[in-house]
Structures are given as structure tokens and as C-alpha cells.
Amino acid sequence: GDNDKLLSTNDLARWARKQGHEGIIFHNVIDHGPSSMFRSEEAAQPHSVYVAFDPHQIKSAIANRGTYDIKNPNITKAQGGIV
């Protein structure tokens with residue numbers, strides 16, 4: 001039946017977006033990428049995957065001063081210029 005179908009993380013992310021969610025978090029995912037192209041020992045370990053549907057929800061952690069300006073959509077700004 002339909003309950004036997006497996007959904008990909010892409011399918012679930014599309015569903016969450018259509019439902020009006022801002023993002024989705026997958027826990028304990030093992031993802032080798034398309035056609036297992038990224039298969040590795042590290043990729044074989046369960047990880048959490050965070051998906052934000054709007055890039056303005058993401059903030060750079062590199063050289064970050066801890067400031068956040070909702071009016072500035074540039075996520076690459078860091079102290080001293082662009083990273």
C-alpha cells in the first residue's frame with residue numbers, strides 16, 4: 001500500500017514547505033548523496049540535517065561578531081568585510 005512507500009528527504013522538505021513551515025530538521029539521517037556518490041565512513045554515520053527554506057534564516061558562523069540585522073540579507077558579512 002501507500003504506507004510502504006519510502007520518501008526522500010527532498011520529498012519531505014517539499015511537503016513541509018507546502019504546509020507553510022519555515023524549514024525542517026531531520027535527525028539520524030544517513031545520506032550518501034545521489035547514486036551514493038558521497039559514500040564514505042563519515043557519511044555512513046547518522047547525522048542531523050537542517051533545511052531552511054529562506055536563505056535569510058541562515059547566519060554565517062565565520063568571523064561572526066554575534067550581531068544580526070534583519071534588514072541586511074547578506075549572510076556573508078563578517079567583521080572586516082566579506083568572507
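Start in helix H1. Arg 14 and Asp 11 both sit there, three residues apart, or about one turn of the helix. This is a predicted model, so take every distance as computed from predicted coordinates. Arg 14 makes a salt bridge with Asp 11. The closest N and O atoms are 3.0 Å apart.

How many salt bridges does a search of the whole structure find? One.

Now the ends of the helix. At the start of H1, look at Ser 8. A side-chain oxygen of Ser 8 comes within 3.3 Å of the backbone nitrogen of Asn 10. At the other end, Gly 20 follows H1. The phi of Gly 20 is positive, near 95°.

Zoom out. The protein chain has one helix and four strands. From the N terminus, the order is α-β-β-β-β.

Next, the core. Which residues make up the largest nonpolar core? There are six: Ala 13, Ala 16, Ile 24, Phe 26, Val 29 and Phe 53. Helix H1, residues 9-18, and strand E1, residues 23-29, are the elements that give two or more residues to this core. E1 provides the largest share, with three residues. In soluble globular proteins, nonpolar side chains tend to be buried together.

Take Ala 16 from that set. Leaving out residues up to four places away in sequence, Ala 16 touches His 21, Ile 24 and Phe 53.

Some totals. Of the 83 residues in the protein chain, 12% count as buried. The accessible surface comes to about 7,200 Å². Carbon and sulfur atoms account for 52% of that surface. Among contacts with a separation of 6 or more, 28% are between residues 24 or more positions apart.

Last, confidence. The protein chain averages a pLDDT of 76, and 63% of the residues score at least 70. Over residues 78-83, the pLDDT is below 50. That stretch still has 11 contacts in the model beyond near neighbours in sequence. Where pLDDT is low, the predicted coordinates should not be read in detail.

That's the tour. Over to you for questions.

Terms used
Residues are numbered from 1 along each chain as its sequence is written. This is a predicted model: local features need pLDDT of at least 70, side-chain atom pairs count only at pLDDT 80 or more; totals for chains, interfaces and linings use all residues. Side-chain values use heavy atoms; hydrogens and water are left out. pLDDT is the predictor's confidence in each residue, from 0 to 100. Contact means heavy atoms within 4.5 Å. A nonpolar core is a set of buried Ala, Val, Leu, Ile, Met, Phe, Trp, Tyr and Cys residues joined through side-chain atoms within 4.5 Å. Buried means under 20% relative accessible area, exposed over 50%, partly exposed in between (1.4 Å probe, protein chains only). A polar contact is a pair of N or O atoms within 3.5 Å; within protein, one must be able to donate a hydrogen and the other to accept it, and residues adjacent in sequence count only if both atoms are side-chain atoms. Accessible areas come from the Shrake-Rupley method with a 1.4 Å probe; for residues, only the protein chains shown count as cover. A salt bridge is a side-chain nitrogen of Lys or Arg within 4 Å of a carboxyl oxygen of Asp or Glu.
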